[in-house]
Amino acid sequence: MNGERNVWEPPFVGEEQRIIVDDLVSAFNQVSTAQRPQWIHLTAPSGWGKTRIAREFYARLAADKQSTPNYWPDTILGSLAADNIDLTDVSSRRKRLYPTVTHVPKSLPSWMWWGVDCSNRSGGASNMLAEELRQFEAHAEYLDMAVKRKGGGNIWVDFAKAVGEEGFNEGLGHAAEELANAAVPGVGLVTWGVKRAIASNKQRMRRKHLLEGSVDILGQGTGTAQDLLGETYLLITGLASRGLPVVILAEDVQQSTAIFAQLLEKLISSEVPVLLLTTAWPGNPADNTELDRALNARPDRLIVVTHQEHDGRVTSRKTGLGKLSIPDRKKILGFYYPDIERDTGTALAMRYPNPLALELFCQIEKYQKRFSNKQLCLDKAEVLALPAKVRDLYRVAWHALPKSVRLFLSVAAQSTPAAISPQEHNSKQWNQNWLFESLISLGFMAEDEVALVAKDAQTSYSWIRHMSVVLYQFHEADQMLVALEDDSFVFAHELNKLLEFLAHKVAHEFEMHPSGDEPAKEHAARLTLALYARGLLRDGQLLVEAADYLVTGLRGSAGDFVEIIRIAEYVLPQVDQWSISALSLELIYGDALHEAGRFAEALIVYERSLPQLETLAGQYSQIVFQYRRKIASAIAMAGDYHRGSSLYEVLLADQIQHLGGFHSDTLATRRDIAIVNSTASFDEAAFRSLIADEERIYGPGHKNTWPTLEAFGQALWKVNRNDEAAVLYRELLSAHEQESMGDDPDNLATKNDYGLTFLGEERVEEAVAWFETLHDDVTRVMGPTHPATLNVENNWAVSLLRASKRKEAIQLFEKVLSKRSSVLGFEHPDTLESKHALADALALDGSPKAAMKLFEEVIADRRRILGQNHPRTLNTCHNIAGLLSTEGRHAEAIDAFVKLIKNRQLVLGVDHPDTLRAKHDLGNAMLRAQQPDAALKLFQAVLSRQVRTLGEDHRLTLRTRFSLANALQMTLRLAEATRLRRSVLADQIRVLGHDHPDTETTRAALNLLEP
């Protein structure tokens, strides 16, 4: 086998490289035995031999880890030999990451090998993932039978339930099992799962026309990129957990898309036998924030091997990706020139420490011709004059290509969106059919010549590779740059004609082929944006259609709101006429702004689009109602609860009239009204009325009633009715359990809310344990950086802080802040909330200067992004005022509290709990400033409002009574202070318990007056 493997490439050399392969095999064994994932990350310069190590690792698995007869071929390159590719050319061997399998009768796979080229980023994130899943599709039927042979259980049923397949027929699962026993492969889990995942991507990309009744043009009911991510994750983990370990080789992972990096993050956080082997260039992983998060998700499962350092966790032996020794480099030379002169071999080995550069030299045509006898002999001066860098060696190879091939490649490079406009720098593919047509129509080549030259470029000279049905690209970025540098084939006027030809083709593509090959269509859309930016397209409607196609594909992919906003903000100003595509683009843009926390800007977009939507779909259509609801939501999220509530009420009246009082959308609006109104004053009657109606419509305990019950529980918790909220959450969790919803996101969200009731009852140790356990579950299900995971992690930190574990809390707050900054952006409201919480923790831990610095950063960002009077902005103002007071800056603190109260009364109302809390804290600031008379009057006034609005037993009411006693003491009315403290203590014991911190504080104060 070793001899066969060396037919196409030099021998595998390097002691450290061999050790890495040995340790990869050991890692595979460990993963298979421990049933836990591991990640080996190789970083070294391009051409250093990372992919060669991966292929050698594959060969070891194929030789030693298969059942007889072998399913997987001996080597990756050997399996490709029948494809008429010149594998002796080093360029043709690069990016060869997985084998071509010709099925051997009775063979079944013992593991799955998935090779992914992350440098192929010209398509959308989900399109790339869907295309890479074709490898699973190729092996699906045999993987199904292998799972059955290993006794993997009815995985079909499990998978269908996990992805929520409605109408799933378990009989199909049994049929699949029987087919797996047949002589030919049948339909099973992997077959169905892959087809379902790929179909979900196609469905997500499918356009929905606005005039199709009341259907949401944004694809209501279609899959999202997160569906594709989730189903790919379930497919891999389902396969691995049934006895078939999965090896994932991801090359150039530093260029991975957000969705693929999220997949790696979820897999390394799982508990199944998956071995991740990734390669990357040296550099800062933080340049790809999603990958950086993934690499840091489970550091205990990550091993990084670099070309500079030795990581002792890999093996006790010294290993790494250091330079090959001179003798090893001479062995590579010997593959091409077996009789090379000794000194020449030494000089060349010293000249080229990079194996790729060494092989590129060996393939320089003039030396191959000059030393056809393989007895290469160069003097020292000639060696030193040789190009040193890889790109320079490609230039030498370029000039050795036939003129016709260089012409072909030069035009191909100029036809890529990346070459046309820098804004599409990741789109480096071209449409081969269009390239053929352009070469012929522009007179560059004869019709009978083009196909032959293209074949030479791909097979004989190995400069390009096939990516999808019609898309091609260069093997290496350096090859494309070299092709673009050569301006001797295409003059300026010819380039303009080429780009005009492409402009005509993209226009035809969108006019004549509204659906079809998704990668090709996405390429056409990117090409449209590039040509428009270059000034070669003036059709604004075509630009809008292309942009709408792109953002529709991006919509739903976590973190892609940034790219949606970029595209929309470039394209929409170019729009000079109304169209369905322009409206769709603008509405998706509005949703992306909303997702980014830019609520005021989202509102402007929604309000600007609504009249057009009403004209198209009708003033009282369901889709118009949906966007009126989004407008009301955006206004409320921006902090204007009163206006938001008013718009909801008007919407509700129209929905009742045109949809009916018991329509699901009407009920959802009633729920929103109850939630928004409860921000000012708990609207219990609205919640109970809605719950009664939903139970009458759907039946008690029906899943359609759960969202309202969840919202009601949250409202109860906010007004300190923890016992009632806890009872409600326990009932919901019981209902979820009956529906087998253990890992369902809705169930995890209810558990998160239930955990908050522990904090409300000061059961802080229980809260810490609860959120720690829940964090493990949510991380396993949704990944370490999913927004839901970060919410739980934040609440865990709050629990630690309340439990006086301040150092641990600060560390956890810092982690949440880092992750939210990476996932959502530095200016997202949730990120700013994390910074606010961290500042609060620092203040409590005795670091007022650090806390104030963070608070000042947060207040500046919140004022700019959310506005001066947004409730979250006012919350930060409150904390700043409190910190000023505790630091003895009394005049500043009192002034800050007075301004805060004025603004809260304006925004939230006089009786809102936050307004009353600000007045309570102003009174305490006055006490610290030695103004007890003013504080006494304020406490008396506030107390009467608290009793009326919050009740006598509310914690804030009890605290104000305690502060009033302090004011009485400071004005020397000691008897009154003592009587009031006794009364407060009795009520706190009754309401909060003997051991509550507030109770203990009152008892200690009373003891000072009554020694």
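Contact here means heavy atoms within 4.5 Å. On that basis, and leaving aside residues up to four places away in sequence, Phe361 touches Leu348, Tyr352, Tyr367, Leu376, Leu378, Leu386 and Leu393. The model is predicted.

**Nonpolar cores**

- The largest nonpolar core comprises 109 residues, and Phe361, Phe408 and Leu409 have the most contacts inside it.
- Helix 27 (residues 540–554) gives the most to this core, contributing nine residues.

**Aromatic pairs and clusters**

- The model contains 23 aromatic pairs.
- In one of them, the ring centres of Tyr394 and Trp463 are 5.8 Å apart with the planes at 70°; planes over 60 degrees apart count as edge-to-face, so this pair is edge-to-face.
- Tyr394 belongs to helix 19 (residues 390–400), whereas Trp463 lies in the loop between helix 23 (447–460) and strand 7 (464–466), so the pair ties together parts that are 69 residues apart in sequence.
- Tyr394 and Trp463 are both buried.
- Trp463 also pairs with Trp398: the centres are 5.6 Å apart and the planes stand at 55°, so this pair is tilted.
- This pair, too, links distant parts of the chain, with Trp398 in helix 19 and Trp463 in the loop between helix 23 and strand 7, 65 residues apart.
- Trp398 has 1% relative accessibility and therefore counts as buried, while the relative accessible area of Trp463 is 3%, which also makes Trp463 buried.
- One aromatic cluster is formed by Phe57, Tyr58, Tyr71, Trp72, Trp111, Trp113 and Tyr142.

**Lysines over aromatic rings**

- Lys266 places its charged end over the ring of Tyr233, at 4.5 Å from the ring centre.
- The charged end of Lys521 is likewise over a ring, that of Tyr549, at 5.5 Å from the centre.

**Helix 36**

- Helix 36 (residues 722–738) has 17 residues and at 1.5 Å a residue should span 24 Å; the C-alpha atoms at its ends are 24 Å apart, so the two values agree.
- Its buried residues are Asn722, Ala725, Ala726, Leu728, Tyr729, Leu732, Leu733, Ala735 and His736.
- Among the elements covering these buried residues are helix 35 (706–718) and helix 37 (745–760).

Definitions and conventions. Residues numbered from 1 in each chain as written. Predicted model: local features only at pLDDT ≥ 70, side-chain atom pairs only at ≥ 80, totals over all residues. Heavy atoms only, no water. Helix = DSSP H or I, 4+ residues; strand = E, 2+ residues; numbered from the N terminus. Expected span 1.5 Å × (residues − 1). Buried < 20%, exposed > 50% of the residue type's maximum accessible area, 1.4 Å probe, protein only. Phe/Tyr/Trp six-rings, centres within 6.5 Å; stacked < 30°, edge-to-face > 60°. Lys NZ or Arg CZ within 6 Å of the ring centre and 35° of its normal. Core = buried A, V, L, I, M, F, W, Y, C linked by side-chain atoms within 4.5 Å.
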